[in-house]
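This briefing is meant to be read beside the sequence and the coordinates.

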Amino acid sequence: MNTTKKWTAVLLALVMALTLAACGGGKSGGKSVGSSKPDSNLGKYIGEEVLSSDNEWVPFDDIYDLGSSYIELKEGGKGDFCMEDDIKEIEWTLDNDGKLVLSSYGTTCNGTLKDGLISLDDYFGFDLQMTFRKGGSLVSSSKAEGSLDDFADEYGGDWHGMAGLTDATGDLANLNDTAHEILARLVFDGNGGCEVWLAMYLEGENDFNFIDTRAYVVPDDDTGLELRGEFMGGEMQEGILSVDATGALYVSCEVDSDLVDGSISLLANLRHLDDESWTDDDFIPLPEDAVAYYRGMSFMDIASTYMIDMSLIPDDGSGNAYSTLPSSGGFPENYPFERTTANGEGEYGKSNPDATGLTDLATMRKVRQELWDMSSAKTKHLTYDDIKEMLGGEDGIPHTGMDERSWNSEKHAYGWYNGEGDYYVPYFELRDGDEYYTAATFSSSVRD
């Protein structure tokens with residue numbers, strides 16, 4: 001955004017903050033006029049564009065990017081106006097010509113509602129113009145007519161695969177370089193909206209799973225959808241959904257958690273439930289024995305083994321939707337592989353699936369110096385168990401799956417962390433049935 005737009009964004013955001021602070025649930029007795037049929041205008045309209053001071057329409061999220069922004073029209077002329085997750089009650093009226101009035105505490109917003117688009121000419125007495133599109137802005141003005149069907153055909157449906165977590169820091173460091181099963185359902189409503197449901201297999205960590213996910217066309221890019229929502233307790237940044245030439249769906253995002261002190265990145269590789277064309281070229285392919293195990297199962301069959309609230313899964317119109325109490329999740333009988341591992345195949349080397357890799361910075365510094373002072377003739381005889389004891393006795397987290405240089409038939413790497421961004425990662429050579437130390441990488445703080 002250029003300087004003019006940036007200052008415009010600041011001023012508009014200030015106007016919004018001051019105005020919403022003064023607005024609450026008023027009563028004007030409004031309703032949609034002229035129809036006794038179910039009102040198709042009811043629903044949620046997502047912020048799409050704002051008119052800047054230099055008379056240029058800019059994306060809504062360029063200005064209001066601290067949370068969800070929408071208008072929800074409810075029955076009986078009631079509704080909500082939400083700006084950056086700050087929800088205020090409103091009342092609304094709509095006449096036969098599409099004139100829309102939103103009221104709160106005696107002040108109004110005036111505009112129109114036509115073809116699923118709310119256009120506001122003012123904002124509770126302020127000269128501020130905005131647009132909100134029903135269900136989210138899936139089709140930009142530059143897209144060809146009919147492209148929504150193309151997106152629905154390509155992206156819609158049920159997906160299953162593996163997700164890799166990397167660049168984890170702080171309290172999320174124990175998830176670094178781990179892989180997890182992941183499910184996705186994308187339901188297009190035919191009116192420009194797409195409901196996105198995502199769930200990653202986490203052992204009881206529902207607060208850290210995906211929440212309120214939604215999709216938009218990536219501006220000036222017809223190769224993917226922009227993904228919004230929460231993951232790991234924080235708002236997703238740089239979220240993307242993209243289908244490649246082989247039909248694989250890639251999901252990626254970065255998160256700074258609000259629940260704990262830490263950040264993390266996700267990259268997932270999924271395929272349609274009936275697509276078994278996994279190859280080594282996929283980022284993390286679903287293991288062959290898992291593909292065989294799930295063959296013939298429905299989306300809900302698989303979801304029932306996750307530790308999630310299944311009532312949140314959207315109905316795709318097939319009847320394959322939530323119909324029983326939420327499952328407590330867990331491993332199905334005769335399950336062929338570990339679902340939450342560092343490589344999706346249940347390999348841990350000399351470590352174990354519950355390894356924490358916890359140690360403190362002082363210990364990491366001490367071990368680095370001791371190994372530095374040793375001769376290579378001595379260090380080459382140090383085993384995994386020797387290094388583990390030097391680092392405090394906790395098993396290290398296997399660095400598998402994400403990087404073949406860190407985990408292969410000849411070499412294993414394990415990570416130790418202190419939960420504050422500091423790490424120590426020794427490498428081991430596999431020989432004579434054991435693992436022998438060869439080298440290590442570590443954070444700059446360990447060298448100090």
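This is a predicted model: local features need pLDDT of at least 70, side-chain atom pairs count only at pLDDT 80 or more; totals for chains, interfaces and linings use all residues.

The protein as a whole comes to eight helices and 22 strands, and buried residues make up 48% of its 448 residues. Among contacts with a separation of 6 or more, 52% are between residues 24 or more positions apart.

**The open sheet and its helix**

- Four strands form an open sheet in the order 19-20-21-22, and the pairing is antiparallel.
- Strand 19 (397-398) and strand 22 (434-442) stand at the edges of this sheet, and because each has a single partner strand, one side of each is left without a neighbour in the sheet.
- Helix 5 (residues 361-373) packs on the sheet, where it touches strand 20, strand 21 and strand 22, and its direction makes about 45° with that of strand 21.

**Strands 1, 3 and 4**

- Strand 1 (residues 43-51) and strand 3 (residues 70-73) run antiparallel and are joined by four bridges, with isoleucine 46 standing opposite tyrosine 70 in strand 3.
- Strand 3 also pairs with strand 4 (residues 78-83), again in the antiparallel sense and over four bridges, and here the bridge partner of tyrosine 70 is cysteine 82 in strand 4.
- Strand 3 and strand 4 form a hairpin with four residues between them, and glycine 76 in the turn has a positive phi of about 75°.

**Cysteines**

- Cysteine 82 has a relative accessible area of 1% and is buried because this lies under the 20% cut-off.
- Cysteine 109, at 0% relative accessibility, is likewise counted as buried.
- The count of disulfides in the model comes to zero.

**Nonpolar cores**

- The largest nonpolar core holds 35 residues, of which Leu186, Phe231, Met232, Leu241 and Leu266 touch the most other members.
- The elements that give two or more residues to this core are helix 2 (147-155), strand 10 (157-166), strand 11, strand 12 (194-200), strand 14 (225-231), strand 15 (234-243), strand 16 (249-256) and strand 17 (263-272).
- Leaving aside neighbours within four places in sequence, leucine 266 is in contact with Ala163, Gly164, Leu165, Met200, Phe210, Phe231, Val251, Ser252 and Cys253.
- A second, separate core is made up of 24 residues, including Val50, Leu113, Phe124 and Leu128.

**Histidine 180**

- Histidine 180 is placed in strand 11 (residues 178-188), and at 1% relative accessibility this residue counts as buried.
- The side chain of histidine 180 makes a polar contact of 2.9 Å with the side chain of threonine 178.

- Glutamine 237 lies in strand 15 and counts as partly exposed, with a relative accessibility of 43%.
- Not counting residues up to four places away in sequence, glutamine 237 touches Cys253 and Glu254.
- The C-alpha atoms of glutamine 237 and valine 255 are 6.0 Å apart in space, while the two residues are 18 residues apart in sequence.
- Glutamate 238, also placed in strand 15, has a positive phi of about 55° although it is not a glycine.
- At 62% relative accessibility, glutamate 238 counts as exposed, because this value is over the 50% cut-off.

- Beyond its neighbours within four places in sequence, valine 260 is in contact with Asp171, Leu172 and Phe208.
- Valine 260 and phenylalanine 208 are 52 residues apart along the chain, and their C-alpha atoms are separated by 9.8 Å.
- Aspartate 212, whose place is in strand 13 (residues 211-217), has a positive phi of about 55° although it is not a glycine.

Notes. Residues are numbered from 1 along each chain as its sequence is written. Side-chain values use heavy atoms; hydrogens and water are left out. Two strands pair if DSSP finds at least two bridges between them. Buried means under 20% relative accessible area, exposed over 50%, partly exposed in between (1.4 Å probe, protein chains only). A polar contact is a pair of N or O atoms within 3.5 Å; within protein, one must be able to donate a hydrogen and the other to accept it, and residues adjacent in sequence count only if both atoms are side-chain atoms. A nonpolar core is a set of buried Ala, Val, Leu, Ile, Met, Phe, Trp, Tyr and Cys residues joined through side-chain atoms within 4.5 Å. Contact means heavy atoms within 4.5 Å. A disulfide is a pair of cysteine sulfur atoms within 2.5 Å. Axes are lines fitted to C-alpha atoms, for helices over the stretch in contact, and angles run from 0 to 180 degrees between N-to-C directions.
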